[in-house]
Protein chains: 2
Amino acid sequence: MPDPVTAALVIIGNEILSGRTRDAKLTYIALRLIEIGIRLAEVRVVGDYEDQIVSAVNACRKAHNYVFTTGGIGPTHDDITAHAIAKAFDVPVARNPQALARLARQYDPRDLNEARLSMADMPEGAVLIDNPVSVAPGFQIGNVFVLAGVPAIMQAMFDGIKGRLKGGAPVLSRTIACYLPEGTIAEDLSALQERFAAVEIGSYPFFRLGRFGTSLVLRSEDAALMARAADELRSLLTKLGAEPIEAG
Amino acid sequence: MPDPVTAALVIIGNEILSGRTRDAKLTYIALRLIEIGIRLAEVRVVGDYEDQIVSAVNACRKAHNYVFTTGGIGPTHDDITAHAIAKAFDVPVARNPQALARLARQYDPRDLNEARLSMADMPEGAVLIDNPVSVAPGFQIGNVFVLAGVPAIMQAMFDGIKGRLKGGAPVLSRTIACYLPEGTIAEDLSALQERFAAVEIGSYPFFRLGRFGTSLVLRSEDAALMARAADELRSLLTKLGAEPIEAG
């Protein structure tokens, strides 16, 4: 089997760390990456501090095929992502002429103040990422894609760059749930996992309507193998007295 | 000013990275830490893989006063957190007698199988964290607190250990919103930030009811200073033609 294609997401912003804003980006990006055969393998949430952004981006871009960052590319004093990424790549920041042209088309000259112009400042060599919502572009440098933090803009930017990403074989998944606690299933499940090494079996307990249950998620690139593992899992749950529930 | 007391959260679980489960832990922990004067400074989400857990925990426990982990302490084959934490601290795993006694009180002897017994396996020297929901305890070793992944259990465990944490001065916060785009406010805001260095000013754009707006969050340990900065911010927004909205 070839190595899986992996990605990391670096979410930049004190507003997530303070609990003020609930993150909506992880799920969006994770689900869309899976569709194109890329596995989100790591997420880091860091504050609006240059050293934190630099070290997270540098660790992630070495460890994964792709890195996506969100946040910190607006016009205010706390928007420091472009400078931090330039530092991570050890290149200077320059005003990107294409980005500048887009801002000039969007804004009345009286409104195009220095703060807005600074949204065209990017690491030298960066390639633009379109922003169909509010114009000010994101950018790509190396394997790092720098996206906006506002969810609607981040999503539009991400959809625009999907064509630049090269995934591996899509990973299929299947979820079977039951109202048995994990501890009752654990030993049979472990034996099943050993027999199906190429099917990753995850076990996630839940507490719903006053009862403990478990969601079992099978993941594999091999549809036939996964179908066999799912059959055995259903038999195993039935043998333990539970009704297997197909949950997606 | 003394150094701020900081914490990191390491969320362990493929189910978050796959986008299957939306994380509910970050916000809960962030808000409760703020109440006791601790700043959540970093979050990492890693998969159920020993090397990822070890490296995240070791990086975070050196950089922060406290580390909280969630997930991976159940009875199934993919619950590897206790072993990974022992490896991070370079200590052996042992069956904790107190944890064992709690499990023995909870389960009928016929149900206390090897999988459930394994929930008493912990790094040597670990101190238990109570689990008032489903008994199997979490544990603390050094400055690392190992909590369950199921939100209701994680929350109950966290509430139980709050007394073990020593925070700094509580950080106060105040949010003022307006229907002006960030680019219009940015330059005046930057000048305000320069004059109030001990008040951290965050600027968060939003798009609501078809209009662009900005939430401005002031944070400081000094209530009087923050009140002065808030007054100036309101004047600034009024001068720019917006109505300042008190948003918390």
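This is a predicted model: local features need pLDDT of at least 70, side-chain atom pairs count only at pLDDT 80 or more; totals for chains, interfaces and linings use all residues.
Residues are numbered from 1 along each chain as its sequence is written, while chains are lettered from A and ligands numbered from 1 in the order in which they are written.

## How the two chains sit together

Let us start with the symmetry. Chain B is superposed on chain A by a rotation of 180 degrees with 0.0 Å of shift along its axis, and the RMSD is 0.0 Å. This is the relation of a two-fold axis. Superposition here is by least squares on the C-alpha atoms of residues with pLDDT of at least 70 in both copies. Within chain B, the C-alpha nearest the axis belongs to B:R44, at 2.2 Å from it.

Now look at where the chains touch. Two residues are in contact if their C-beta atoms, placed from the backbone, lie within 7 Å. By that rule, 45 residues of chain B are in contact with 46 residues of chain A. Helices (H or I, at least four residues) and strands (E, at least two) are DSSP runs, numbered from the N terminus. On the side of chain B that touches chain A, α1 (14-17), α2 (25-35), β2 (38-46), α6 (114-117), α8 (182-195) and β10 (200-208) each supply at least two residues. That side has 20 nonpolar, 14 polar and eleven charged residues. In this count, Ala, Val, Leu, Ile, Met, Phe, Trp, Tyr, Cys and Pro are nonpolar, Asp, Glu, Lys and Arg are charged, and the others, Gly among them, are polar.

## A sheet that runs through both chains

Two strands pair if DSSP finds at least two bridges between them. Which strands of the two chains pair over five bridges? They are β2 (residues 38-46) of chain A and β2(B), in the antiparallel sense. One bridge there has A:V45 with B:V43 as its partner.

This pair belongs to an open sheet of twelve strands with mixed pairing, in the order β6(A)-β7(A)-β8(A)-β3(A)-β1(A)-β2(A)-β2(B)-β1(B)-β3(B)-β8(B)-β7(B)-β6(B). At the edges stand β6 (127-129) of chain A and β6 (127-129) of chain B, each with a single partner strand, so one side of each is left without a neighbour in the sheet. On average, neighbouring strands of this sheet are turned by 20 degrees against each other, direction ignored. Angles between axes otherwise run from 0 to 180 degrees between N-to-C directions, and the axes are lines fitted to C-alpha atoms, for helices over the stretch in contact.

Inside chain B, strand β3 (residues 66-70) and strand β8 (residues 144-147) pair in the parallel sense over four bridges. There, B:V67 stands opposite B:V144 in β8(B). Helix α7 (residues 151-161) of chain B packs on the sheet and touches β3, β6, β7 (138-141) and β8 of chain B, with its direction at about 145 degrees to that of β8(B).

Strand β3 of chain B also holds B:F68. Setting aside its neighbours within four places in sequence, B:F68 is in contact with B:A7, B:L9, B:I29, B:F145 and B:L147.

## The four-stranded sheet of chain B

Chain B also has an open sheet of four strands, ordered β10-β11-β9-β12, with antiparallel pairing. Its edges are β10 and β12 (245-246) of chain B, each with a single partner strand, so one side of each is left without a neighbour in the sheet. Strand β9 (residues 172-178) of chain B is joined to β12(B) by two bridges, and B:A177 has B:I245 as its bridge partner. Helix α9 (residues 223-239) of chain B lies across β9 and β11 (211-220) of chain B, running at about 5 degrees to β9(B).

## Buried or exposed?

A residue is buried if 20 or more other C-beta atoms lie within 10 Å of its own, exposed if 12 or fewer, and partly exposed in between, with C-beta atoms placed from the backbone.

| Residue | Other C-beta atoms within 10 Å | Class |
|---|---|---|
| B:F68 | 28 | buried |
| A:D90 | 9 | exposed |
| B:L209 | 6 | exposed |

Most residues other than glycine have a negative phi. Phi of A:D90, however, is near 55 degrees, and A:D90 is found in the loop between α4 (81-89) and β4 (93-95) of chain A. Phi of B:L209 is near 50 degrees, and B:L209 lies in the loop between β10 and β11 of chain B.
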